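Try each task before you read its solution.

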Amino acid sequence: MGDTIEEKPVLYSYWRSSCSWRVRIALNLKEIPYDIKAVSLIKGGGEQHCNEYREVNPMEQVPSLIIDGHTLVESLSIMHYLEETRPQRPLMPEDCYKRAKVREICEVISSGIQPLQNLIVLIYVGEDKKKEWAQHWIMRGFRAVEKLLSACAGKYCVGDEITLADCCLVPQVFNARRFHVDLRPFPIILRIDRELENHPAFRAAHPSSQPDCPPEAAK
Ligand SMILES: O=C(O)/C=C\C(=O)CC(=O)CC(=O)O
């Protein structure tokens, strides 16, 4: 990038945040080196709410990515920026229909499932109801994802290449397990998750591989 000194990107991330995890997968797949600044979503009511971090991300959420002298927020927007500026190892298909299918799956997960089982929502719903609530919304969304995948999945979510849809799916499956969702009605989702669980880029992005993963949760 011209004569400017390229700084290593910095990802504000939390080990168990599914949205941070999506971006970690994309960075790893594209082999972009990056540093992690851990933001604890639980310590002292959440470091994401402190004044300093609010300057980085006005939604007081992770992830945020400092890259190319810019501060970017929102995982999908970040992943598309990476795709557009770092074309190596494409994470979007060339075919327009397939691109639409990738965006569809990303959107169902990132708008239709994850925000409904996000930490701030579960705190609002309350301890007694939170498990049932999260299960309900994840199952509702996964019924749609499974149906969409039945039309477009190959080895992965859309065809036989890994795309941004896979970056969104795997962390959401982890959350489904965390809330004890019965995944048996979703055989395509389960197959793709199994296909990717040992992929090096996905393994390195896994919560248990993160510097801020508590020792008791590390594998
Ligand atoms: O350790 C915790 O319990 C706190 C936060 C999370 O898991 C992250 C989320 O808010 C859920 C998500 O990423 O979808």
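**Exercise 1.** How far does a polar side-chain atom of Tyr-14 lie from an oxygen atom of the ligand?

*Solution.* Before you start, note that this is a predicted model, where local features need pLDDT of at least 70, side-chain atom pairs count only at pLDDT 80 or more, and totals for chains, interfaces and linings use all residues. Residues are numbered from 1 along each chain as its sequence is written, and side-chain values use heavy atoms, with hydrogens and water left out.

Step 1: The distance comes out at 2.7 Å.

Step 2: check Gln-117, where a side-chain N or O atom is 2.9 Å from a ligand oxygen.

Step 3: do likewise for Arg-178, and you get 2.7 Å from a side-chain N or O atom to an oxygen of the ligand.

Step 4: look at cover. On its own the ligand exposes 370 Å², and the protein buries 93% of that (accessible areas by the Shrake-Rupley method with a 1.4 Å probe).

**Exercise 2.** Find the largest pocket and say which domains line it.

*Solution.* Step 1: get the volume, which is about 750 Å³. A pocket here is an open set of points on a 1 Å grid over the protein atoms alone, where a 1.4 Å probe fits, with protein on both sides within 12 Å along at least five of seven lines; lining residues have an atom within 4 Å of a point. The volume is the space filled by probe spheres set on the points, which are joined across faces, edges and corners.

Step 1: list the lining. It has 35 residues, and the closest to the pocket's centre are Leu-41, Gln-114, Gln-117, Asn-118 and Leu-119.

Step 2: assign domains (bounds from an automatic or database assignment). Domain 1 (12-88) and domain 2 (96-203) both contribute to the lining, so the pocket lies between them.

**Exercise 3.** Which peptide bond is cis, going from Val-62?

*Solution.* Step 1: check omega from Val-62 to Pro-63; it is near 5 degrees, so that bond is the cis one.

How values were computed
A polar contact is a pair of N or O atoms within 3.5 Å; within protein, one must be able to donate a hydrogen and the other to accept it, and residues adjacent in sequence count only if both atoms are side-chain atoms.
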